[in-house]
Amino acid sequence: MSSISEQLLANTSKPVPKEALLVLEDGSVFKGTACAAEGEVFGEICFNTSLEGYLEVITDPSYAGQIITMTYPQIGNYGVNLEDIQREHPALRGLVVRDMCTRPSNWRSTLSLPEYLKQENVVAIEGVDTRALVRHVRDHGAQRAVLSTIDTNPESLLKKVRESVSIVGVNLIPTVSCTEIHTFASLPKSHDFAVAPALEPKHKVVAYDCGAKRSILQNLVRCGCDLTVVPWNTPAETVLDMHPDGVFLSNGPGDPDAVEGTYSQVQKLLGKVPVFGICLGHQMISKAAGASIEKLKFGHRGGNHPVMNLLTGRVEITAQNHGFGLLFPSLGELIPELSGGHSEHVDDLRFWVREGVAPVVQNDRFGRIRLTHVNLNDGTAEGIACLDIPAFSVQYHPEASPGPTDAHYLFTAFIRLMDKDPNYLDIDIAADRLAGWTFGERKELQHA
Amino acid sequence: MPKRTDIQTILVIGSGPIVIGQACEFDYSGAQACKVLKADGYKVVLVNSNPATIMTDPGLADRTYVEPITAEFVEKVIEKERPDALLPTLGGQTGLNTAVELAKSGVLDKYGVEMIGCDLEAIERGEDRKMFNDCMAELGIETARSGYAYSIEDAERIVGELGYPVVLRPSFTLGGAGGGIAHNHDELLLIVSQGLELSPAGEVLVEESIEGWKEFEMEVMRDHAGNGIIVCSIENFDAMGVHTGDSITVAPAQTLSDVEYQRMRAASLAILEKIGVETGGSNVQFAVNPQNGRMIVIEMNPRVSRSSALASKATGFPIAKAAAKLAVGYTLDEIVNDITKATPACFEPSIDYCVVKVPRFAFEKFQGTDDTLSTRMKAVGEIMAIGRTFEEALGKAMRSLENGRAGLGADGKDVRVTEENFNDLVGRPTADRIFHIAEALRAGFTPEQVIETSKIDPFFINRIADMVAVQESLRGMRVDELDADAFRTLKRYGMSDIQIAHLTNSDELTVRACRKLLGVRPSFKTVDTCAAEFESTTAYHYKTYDADETEAPGERTKKRAMILGAGPNRIGQGIEFDYCCVHASYALHDAGFETIMVNCNPETVSTDYDTSDKLYFEPLTFEDVMDIVDAEKPDGVVVTLGGQTPLKLANALSEAGVPIMGTSPEAIDLAEDRDRFSAILDELGIAYPAAGMASTFQEACAVADQIGFPLLVRPSYVLGGRGMGIVYDGAQLEKYMTEAAKITPDHPVYLDRFLEGAVEVDLDALCDGDQVYVGGVLEHIEEAGIHSGDSSCCTPPFALSEAIVSQLRSIARRLALRIGVVGLINIQFAIKDQVVYIIEANPRASRTVPFVSKATGVPLAKLAARIMAGEKIAGLNLPSDERRLDYFSVKEPVMPFGRFPGTDTVLGPEMKSTGEVMGIARNFPAAFAKGQLAIDYHLPESGTVFVSVCDRDKRALVPIAREIKRMGFKIVATGGTARALRAAGVDCEEVRKVSEGSPNIIDRIASGEISFMINTPFGHATRSDGYELRTAAVRHGMSYVTTLSGAQALVAGMEVAREVGLDIVALQDLPQWEG
């Protein structure tokens, strides 16, 4: 940035500009200025399209190993409330924004986002033409990137990024999972104005922590779960010895094929106890059933993906954050009498949406498995339910945080599954719309 | 589920004339709906009284009725067309109210018409505050604490519980008419008594004040399967207390954390379901306490609204189109996202830019009214700006308003903010407050002071503080000091070249040249509904200085024609010009061009992304237009169809080497420049009123000495008669000259001899350079002296002789050819004592083009565009322009006086109307009566008529009064008028004037006994008796006329309506040019 430019910005809320560079492994260079901690970080470049909820994104452990670009240009507007974070510390490698807000405004805010990022030592860049970056990533695929406020030589950065380690095939879970078995019951006070209080704990649930978002655990607690959190590779026997009513499998970062430590245990749990999985947890159930996982051409990261529940025909607007997905046909052969007479698998699962059928396959390990949810944007699998054992899972995020809460009913469904309700997934999302929320008390006036 | 096959014919009700609170956004939504329903194979029947709309183009619906939107007329249409279904949610409050009336009166049942999209119960639950509040209580969602008052006493009792201030909302009024905030007992009495009268239900809601809270809107859609989505969230810049239509608004919401936003989202969807909106779009408004996040739902509209038009433009998601498809049975997941063409419409748009909407006001037109913004909407139009940041968008917005400003201040036009005026300028919400806020920060007031006083969220004020800081750092630098990086920084903070020029003591062209020399050019990004997550094919662009990559202009496959739109709606420049631009776009596309639309008005059809091949949502300034020209390199630019906004750019564009289509800027200047124009008229032997030009009072006196009083005075280069007046003596002239200097200091003032009592005529014609085609001759009903936009007029002429008409045609032919018009020309004539004078000629589309096109079946704007593209009139296969028309068409203006309490309602040379209606009938009086019905929704049928006219009119009043008596009305009149009537043998009762003490005529008006009033102005004092009368009439919603010719037409119309009744006619039954 030129000195005249610095003079022009001198009396604004912007920090003194310090050059920063983002270089992708294909040689693309994006210029900007540092807006948080300084340093040099490597990771996979990806983007998130949520309009709000930047703090939840930044602290989502599933972003371990990644450099996140926020597509909405102005980030930090409403500041930071530490009770909104999804994990004690951010797991992402770096943050790319168009414009970082240093003077936020919101009654819940206790510090600004750049202050928070500095505290957490997160390197971030602003001033980037993020739309150009996003289009580039969309067209050329996810790739390694380096973000540096130290080295601003594009050639040297390109050399470094090409030598950096790719996250494909790497197990990132140990970097974000807890290491000790512990209980979880705390709920954020600062959400009390909006979120309904927790139900009495009735179900003893063990949650595998592969990098669980706090909001998932909070949702389980609010639904009445007495929650114990265990490390990602806890042996199934240990869990079963706790005699839980249900087991929950959390989200988590990276390539699911590398997480054998979890899915090998899940394989032993399935059929013995009700299981619910979200995101990586969904992939763990799939892997346990012997299915194949693909790396998506375009990862899903945002808060606006339409997913159809094939059982109800309702569309949910969902929060998503995954780069890998289940290949539904790999779960087994279709059972024609339960699949609208169809015996041939199709790649684009929107076929089942058009047919109005929730197809069922015969799985070698766990019997009949039904496809319950399909992404309407690209026809990928979003949810499955086992018919012969008590287990179901979704690829997306019913806890949202950030994002729409249409799929909140899935937590209720888990409770119903543990209560042995055969129609546990049959919930009208419209009726469930306000479940979990609270609004101030209304005072009535008496008059003519 | 796919579309319904059990219905074939669908009736769509439009929103009628453009009024404050209900503008062309309903043409945009209605046109979308008609198109999509027709494309789906339904037969579409449309009723809309507004001729300036695209939706009333005969090609858009199958049966188009330009008829009054009253239950009576719509029933006639139902009887004739027998629709299976009625879609009531696309015509604003007018359409909805009419649908409710038809449903309640049993008409829909009688003819077996099903209401689709929204049923009666849902409408009532949404509109009736009591039922709405009950629904919210059942959901557990808070509404403001409140109570209903049916009397002053009720209101007082409720206030006893709530305490002041309270918000008052009369039930069932348009755009919150009659509402307000009462801070004390006096204000309570005033507003409640007005509100009780205005409310059809005689009911006023008294509510706890949430003034100063943050305000949000959610645009929601739902299908019959129960799928719901939020299309867009909107945050108001102005805090609660200012009507959302009068607020600056920002999309998406800027200051809500995820937990707050998601709760609001869930509540919005739950509210839609609770109210029972089966399908379609609705908007839900919330207030949030900035101290603790307490959220209150304010209201919801179970229909397409102004905000949904804005949300559609802001996101690219076509709400009205989707709403129409949902109403006929589709579900959201069955509709394809129009922009990406690959993903379903069942999603929530993500945007990667910031959108700012700023309302456009017209207080300068309404002297005497309070310009404080309140819960009652007063804006006449709006603009929208898109930028990558709030700063970039706001900067753009502030130069889009067509109010002479070059951005957010720093253009030499700011009012100094001092300790003394700080509270008034920053604390009181007004049209210009945003400028004052910037100026206050510039003057050294802290952001905290501004936040405290204005109640505007700190986020916005801090951003504005940054913008001002950058401006002030630039002040005093030299433009040649600026490097590329500095220019980019300035641009990213929303500054225009003019602002940079002002602050560096340079000029716009130098700044532009320096900037381009340094390679600082903008890029163009795309509105794609998905923040670039998916590819999109739709060319809907905005400009930004995030310039790593540009997404326009794309490959050149054909010749490119660029059409400059009309900017914000304001009085004098409304939907008519947008209509012309849209027609030009259609015609040029058909003629093989790639069409490029540039406009910044979110309410319009022109800014629909599928109207033109490409859309640039940008301000219509030289800088912004040239940046697009540099990128697109158009083969031609159309400047003559968007009114004065693009026309005033013609010279600068032409000098910059831009190819102008049609009439050359040189020819435009020939007509605009008085001296050159007079010389042409002299040369052609055409009479015109004696005229002169002056820049000072002394010069003006010299002119007056030469040509004598009365004089018609006006500034040059204005539209809509802005600043125009009639002066009768030297004192008035002096006052005028002082005022004029404020309006357009750079331009001189014209002084014309005023032809008192003359008949005025408008003529619209096409010219290709060789041949002239007269599109229509419009005889005004009011005499000269009233702005042509405020006059009622009739085509074909109802009283002019054949000889005069052919003389007018002949003059038009000679003049158009002589000026060198290629395209449209509008000529205004005055005829006095059988002499034809030319008042003015404008070589551009006029306000009357859509009306004339509908009256004659010849689409003038389309043809003009084809002529500009090189076609000849001879090859257009037009019907003879001297053919006889079977029907008379009357255009009548609609006045917004009800919104501006205290302003004088007398008509004059300065235009004040916001919109117009059309009446079509076999004879003139019937057509006029239809026009009246379309405005007032009823014609006086019996009762008492009040008459009070100036001396000049007393003799001519007699035959009209006689007619009124004959029709069975009683007449009351003030002293002088009563004496004149009695002397002529017309019986009447005398009533006291206001100045004669009470009880007087105002009491009679207040009692509701007077069914209409004829009052012609006495003098020129504003606070006269007449003023009191006319404002009382407005306050009580009473019909009135302020000219004798108007009175004559009204009485004749009433008689026809009563004696023979009024038939309906579809445009498709009139001859239409087929090309």
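Trainee: Before we look at strands, when do two of them count as paired here?
Mentor: Two strands pair if DSSP finds at least two bridges between them, and please keep in mind throughout that this is a predicted model.

Trainee: Which way do the residues of β17(B) point?
Mentor: In this strand, residues 523–526 of chain B, Ser523(B) and Lys525(B) point one way while Phe524(B) and Thr526(B) point the other way, and all are buried. In a regular strand, side chains alternate between the two faces of the sheet.

Trainee: Changing topic, what is the strand order in the five-stranded open sheet of chain B?
Mentor: The order is β36-β35-β34-β37-β38, with parallel pairing. At the edges stand β36 (989–990) and β38 (1039–1041) of chain B, each of which pairs on one side only.

Trainee: And what holds β38(B) to β37(B)?
Mentor: Three bridges link β38(B) in the parallel sense with β37(B), which spans residues 1010–1015, and Met1013(B) is found opposite Tyr1040(B) of β38(B).

Trainee: Which strands does helix α33(B) lie across?
Mentor: Helix α33(B), residues 975–983, lies across β34 (944–948), β35 (970–973) and β36 of chain B, and runs at about 130° to β35(B).

Trainee: What about the largest nonpolar core, which residues have the most contacts inside it?
Mentor: That core has 503 residues, and those with the most contacts inside it are Leu220(A), Val356(B) and Val638(B). If neighbours within four places in sequence are left aside, the contacts of Val356(B) include Ile248(B), Val250(B), Phe390(B) and Leu394(B). There is also a second, separate core of 17 residues, with Ala149(B), Leu168(B), Val204(B) and Leu205(B) among them.

Trainee: How many residues does the contact take from each?
Mentor: It takes 13 residues from domain 5 of chain B and 13 residues from domain 6 of chain B. On the domain 5 side, the elements giving two or more residues are β28 (772–783) and β32 (888–894) of chain B, and β32(B) gives the most, with four residues.

Trainee: What is that domain 5 side like by class?
Mentor: The side of domain 5 of chain B that touches domain 6 of chain B has seven nonpolar, three polar and three charged residues.

Technical notes
Residues numbered from 1 in each chain as written. Chains lettered and ligands numbered in written order. Predicted model: local features only at pLDDT ≥ 70, side-chain atom pairs only at ≥ 80, totals over all residues. Buried ≥ 20, exposed ≤ 12 C-beta atoms within 10 Å, placed from the backbone. Contact = placed C-beta atoms within 7 Å. Axes fitted to C-alpha atoms, helices over the stretch in contact; angles between N-to-C directions. Core = buried A, V, L, I, M, F, W, Y, C linked by C-beta atoms within 7 Å. Nonpolar A, V, L, I, M, F, W, Y, C, P; charged D, E, K, R; others polar.
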